[in-house]
Amino acid sequence: AGESLAGPEKVAGSESLAGPGRVVGGESFDKIRDTVIARTKGLSILTHDVQSQLNMGRYGEVADSLAELCELVVALVECSAHAAYLAAAEAPGSQAAVAGLVDRYRLSRARHEVEQSCSLLRTAPLGELRPPLLLEVSRGLSRGLRGLTEACALASDCSRDRFAREQFKLSVKCLSSSAAALLACVRELKGRPCEASRARCVLFGGPLLQAVHALVGFATEPQFLGRGASLSAEGRAVQTAVLGGAMSVVSACVLLTQCLRDIALHSDSSKVPDYRQRLHHSALAVSDGCKLLSQALRDRSSPRTLPPPPLNSLK
């Protein structure tokens, strides 16, 4: 899904920015900037909570906080990417993008959700495929398929090409029938957890993935994607500054997550102090990344490339 946010001339659609911690794409740069800055503060609090929960041995709460942190980082990247686009498009010499029939990012994210759900059914140990996880798998499939279906319905309604209108409708029918067959297998796996039941999920997951890939391939043909923005050098510099701040946050959160993984997988008590030290440094890196992103949004430039302050201001 990141492929669409990384492009220098695309705007993330309003649907992909909606939801908890997200903003609607039609809002102004100032509004999105304030939302992102508020979320960076929430992220800093979460990283502190994770450390405290780990120190107290409340591992279930650590897992919950980590899941919340990951969701917040995704929302933060989405909002930051949209803010970067808006700031870049407002720069002198830039021209805004023209929306197409489909939102490439929304399609990519929906496809990824379906792929992740099918991958879990295929690779998770049978003992872990219990009702709570299967419920999450079903919800992930439903979210992804709903996103694909809604995008296709909108494209079909707005397209002037007769073949395209019919192909979008046929693609949705193909998704629906393949998904129904797979979800029936998931229900069977829930009632009778065995390798034979799992094998059926894998078997019927194949046609669904093929249908999803075919639909996304068709929907992302150039004629459905609109026209990208044309950014001036100043616009690209602004966008790079904001995205650089966001990636600083992401990189630090990846390090923090890796550290928590190492703590969970290694029970050697002699290494616990080292892991906790790594966790502390990762949390500090998250805080620094949040400050960098917030300043980049406020100044519309990277703090790392700003000229040094005058000497008399340091006195």
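Helices, in the sense used here, are DSSP runs of H or I spanning at least four residues, and they are numbered from the N terminus. In this predicted model, the protein chain follows the pattern α-α-α-α-α-α-α-α-α-α when read along the sequence, with 10 helices and zero strands in the chain.

Of the 315 residues in the protein chain, 42% are buried. The accessible surface of the chain amounts to about 16500 Å², and carbon and sulfur atoms account for 56% of that area. When contacts between residues at least 6 apart in sequence are considered, 78% of them join residues that are at least 24 apart.

Among the aromatic residues, the count of ring pairs comes to four. One of these aromatic pairs is formed by Phe218 and Phe224, whose ring centres are 5.2 Å from each other and whose planes are 65° apart, an arrangement that is edge-to-face.

The C-alpha atom of Glu61 is separated by 8.0 Å from that of Val50, a residue 11 positions away along the chain.

Methods
Residues numbered from 1 in each chain as written. Predicted model: local features only at pLDDT ≥ 70, side-chain atom pairs only at ≥ 80, totals over all residues. Heavy atoms only, no water. Helix = DSSP H or I, 4+ residues; strand = E, 2+ residues; numbered from the N terminus. Buried < 20%, exposed > 50% of the residue type's maximum accessible area, 1.4 Å probe, protein only. Contact = heavy atoms within 4.5 Å. Areas by Shrake-Rupley, 256 points an atom, 1.4 Å probe, with all protein chains shown as cover. Phe/Tyr/Trp six-rings, centres within 6.5 Å; stacked < 30°, edge-to-face > 60°.
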